[in-house]
Amino acid sequence: MNSRGEMKRSVELVRCHMQLSRKRKTLIYGVNDIAIVGPLHAISEAGRSNFCLAKGVGAFPEGRCELRSPQTRMTGSIATFPER
């Protein structure tokens, strides 16, 4: 799904997908943490959190906040430092 790295768009895409798909194991990854956090919330709304894991990219504040949540299915976020 092409969320273009936007949280609102990623939530909408995953909500639509949840209505059409059956329960199965799902791994979420994307171009940044913002594109990950939205789908995690949509999957949680659908009651399918136990079937999902996510890995973020960027270690953005939104991703770090999600990682602090006790119920999160996000396992980590990769930070890159191209200037080094």
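The following legends describe close-up views of a predicted model.

**View 1. Packing of helix 2 against helix 3.** Two packed helices are described by the angle between their axes and the distance between the axes. Here the axes of helix 2 and helix 3 (residues 61-68) lie 8 Å apart and form an angle of about 40 degrees. The two helices are therefore oblique to each other, and helix 2 passes helix 3 in a left-handed crossing.

**View 2. Residue I34 in helix 2.** Helix 2 comprises residues 34-45, and I34 belongs to this element. The relative accessibility of I34 is 23%, so the residue counts as partly exposed, given that buried means under 20% and exposed over 50%. Between the C-alpha atoms of I34 and T80 the distance is 15 Å, with a separation of 46 residues in sequence.

**View 3. A nonpolar surface patch that includes L53.** The patch is formed by L27, Y29 and L53, which together present about 360 Å² of accessible area. L53 is located in strand 2 (residues 52-57). Because its relative accessibility is 38%, L53 counts as partly exposed.

View 4. Although A59 is not a glycine, its phi is positive, at about 50 degrees. Most residues other than glycine have a negative phi. A59 has a relative accessible area of 19% and is therefore buried, the limit for this class being under 20%.

Note on methods. Residues are numbered from 1 along each chain as its sequence is written. This is a predicted model: local features need pLDDT of at least 70, side-chain atom pairs count only at pLDDT 80 or more; totals for chains, interfaces and linings use all residues. Side-chain values use heavy atoms; hydrogens and water are left out. Helices (H or I, at least four residues) and strands (E, at least two) are DSSP runs, numbered from the N terminus. Buried means under 20% relative accessible area, exposed over 50%, partly exposed in between (1.4 Å probe, protein chains only). Patches are made of residues with over 30% relative accessible area and no salt bridge: like charges are joined within 9 Å, nonpolar side chains (Val, Leu, Ile, Met, Phe, Trp, Tyr) within 5 Å. Accessible areas come from the Shrake-Rupley method with a 1.4 Å probe; for residues, only the protein chains shown count as cover. A salt bridge is a side-chain nitrogen of Lys or Arg within 4 Å of a carboxyl oxygen of Asp or Glu. Axes are lines fitted to C-alpha atoms, for helices over the stretch in contact, and angles run from 0 to 180 degrees between N-to-C directions. Angles under 35 degrees count as roughly parallel, over 145 as roughly antiparallel, 65 to 115 as roughly perpendicular and the rest as oblique. A crossing is left-handed if the near helix is turned anticlockwise from the far one by less than a right angle, and right-handed if clockwise.
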